[in-house]
Amino acid sequence: MNSLLAKYSGKKILITGHTGFKGTWLSRILVLAGAQVYGLSLEAEKDSLFAKIESLGIKESSILDIRDRAAVENYFKSHSFDGIFHLAAQPLVRRSYREPIETFDTNVMGTAHVLNSVVSSNAANWAVVITTDKVYRNVEKLEGYAEDEPLGGKDPYSASKAGTEMVVSAWQTLASQSDKKISICAARAGNVIGGGDTAEDRLIPDLIRGFHAKSKTLIRNPESIRPWQHVLDCLNGYQQLISKMLSDGISGEWNFGPLLHEKHSVVQLVETFAKSWGVAGKEQAWKLEQIAQPHEAGYLLLDSSKAREALGWKD
């Protein structure tokens with residue numbers, strides 16, 4: 001076992017959002033590392049990776065809506081942990097247009113409920129809040145966004161995640177004033193892909209559904225650029241962040257995305273994936289969505305120099 005994961009052996013770790021795609025991967029990794037893993041989440045989707053795994057090996061799985069402040073407070077009054085990964089969120093841009101209030105309730109107030117309960121109950125030594133590349137005020141710049149650049153969001157999802165970052169900043173201050181001095185960080189990952197992702201309106205799951213149905217996948221913005229990365233790359237980044245938090249007491253915000261020269265458009269990824277699947281070319285794999293769509297950024301990359309230099313992380 002590598003040295004990063006060895007540090008989890010025997011530790012009690014909470015993962016909020018453990019029934020989600022990334023949460024399931026993280027849960028299994030930490031279980032294999034010897035951690036006592038607890039989960040706090042909504043019910044898993046029926047076709048999700050979590051639902052398909054017969055024995056994930058977690059210690060306790062609690063179904064709880066983080067928008068319910070009283071329920072969150074009660075949970076942390078009876079549970080304490082060595083550390084917490086906060087992944088629970090409404091993670092989809094297009095759903096946020098349909099459910100803007102629910103998105104803000106979950107991403108902003110839900111995070112506030114979790115962090116406030118953790119700090120007020122001294123319920124953990126550290127917490128990492130997982131946000132997104134979309135927290136930045138997007139001005140369609142050709143370089144990646146660094147951690148010190150302005151936050152913002154033109155759609156409900158992006159705006160709610162920028163709000164989540166404000167919550168993290170505020171509770172970093174509150175935690176620094178508490179007796180226990182809980183370390184809190186924010187981790188901003190790119191567009192994550194990998195086995196077991198079944199979410200709606202995500203590129204690779206949509207393509208796979210189309211391939212199985214022998215139908216063309218509707219593509220909204222074929223020339224858009226995104227920081228595509230495998231789920232294990234960003235999870236490795238989180239582990240390296242935790243290692244530095246424990247050894248050097250660091251906090252702050254951290255980007256985890258691919259190198260800037262590794263940028264790929266939506267259509268490049270589609271056609272590479274289609275070729276690997278054995279589906280050749282645009283005419284068989286996809287077609288352009290003709291109906292007007294809600295706004296999404298055209299160009300988005302992360303500058304992850306800070307994580308590469310300070311943590312030694314690489315994807």
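Helix 9 covers residues 231-248, and its 18 residues should span 26 Å at 1.5 Å a residue; the end C-alpha atoms are 26 Å apart, so the two values agree. The expected span here is 1.5 Å times one less than the number of residues. Helices (H or I, at least four residues) and strands (E, at least two) are DSSP runs, numbered from the N terminus.

Please keep in mind that this is a predicted model, where local features need pLDDT of at least 70 and side-chain atom pairs count only at pLDDT 80 or more, while totals for chains, interfaces and linings use all residues. Residues are numbered from 1 along each chain as its sequence is written, and side-chain values use heavy atoms, leaving out hydrogens and water.

**The chain as a whole**

- The protein chain has twelve helices and 13 strands.
- Its radius of gyration, taken over C-alpha atoms, is compared with a globule rule of 2.2 Å times the number of residues to the power 0.38. For 315 residues a compact globule would come near 20 Å, and the protein chain agrees with its 19 Å.
- Along the principal axes, the C-alpha atoms fill a box of roughly 60 × 45 × 40 Å.
- Buried residues make up 52% of the 315 in the protein chain; buried means under 20% relative accessible area, exposed over 50%, and partly exposed in between (1.4 Å probe, protein chains only).
- Contact means heavy atoms within 4.5 Å. Of the contacts between residues at least 6 apart in sequence, 78% join residues at least 24 apart.

**Salt bridges**

- Side chains of opposite charge can pair when their charged atoms come close. A salt bridge here is a side-chain nitrogen of Lys or Arg within 4 Å of a carboxyl oxygen of Asp or Glu, and the whole structure holds twelve salt bridges.
- Arg69 pairs with Glu73 in a salt bridge whose closest N and O atoms are 2.9 Å apart. Both residues lie in helix 4 (residues 69-78), four residues apart, or about one turn of the helix. Glu73 counts as partly exposed because its relative accessibility is 23%.
- Lys141 sits in the loop between strand 5 (126-130) and helix 7 (156-176). Its salt bridge to Glu149 has closest N and O atoms 3.1 Å apart. Leaving aside residues up to four places away in sequence, Lys141 touches Glu149 and Tyr299.
- Asp315 forms a salt bridge with Arg308, with 3.4 Å between the closest N and O atoms. With a relative accessible area of 30%, Asp315 is partly exposed.
- Salt bridges that share partners join Arg95, Arg98 and Glu200 into one network.

**Helices 8 and 9, and what follows them**

- Among the buried residues of helix 9 are Val231, Cys234, Leu235 and Tyr238. Gly249 follows helix 9 and has a positive phi, near 70°.
- In helix 8 (residues 203-213), the buried residues include Leu203, Ile204, Pro205 and Phe211.

- Most residues other than glycine have a negative phi.
- Lys214, which follows helix 8, has a positive phi of about 55° although it is not a glycine. Lys214 is exposed, because its relative accessible area is 79%.
- Asp201 also has a positive phi, about 60°, without being a glycine. Asp201 lies in the loop between strand 7 (191-193) and helix 8, and its 24% relative accessibility makes it partly exposed.
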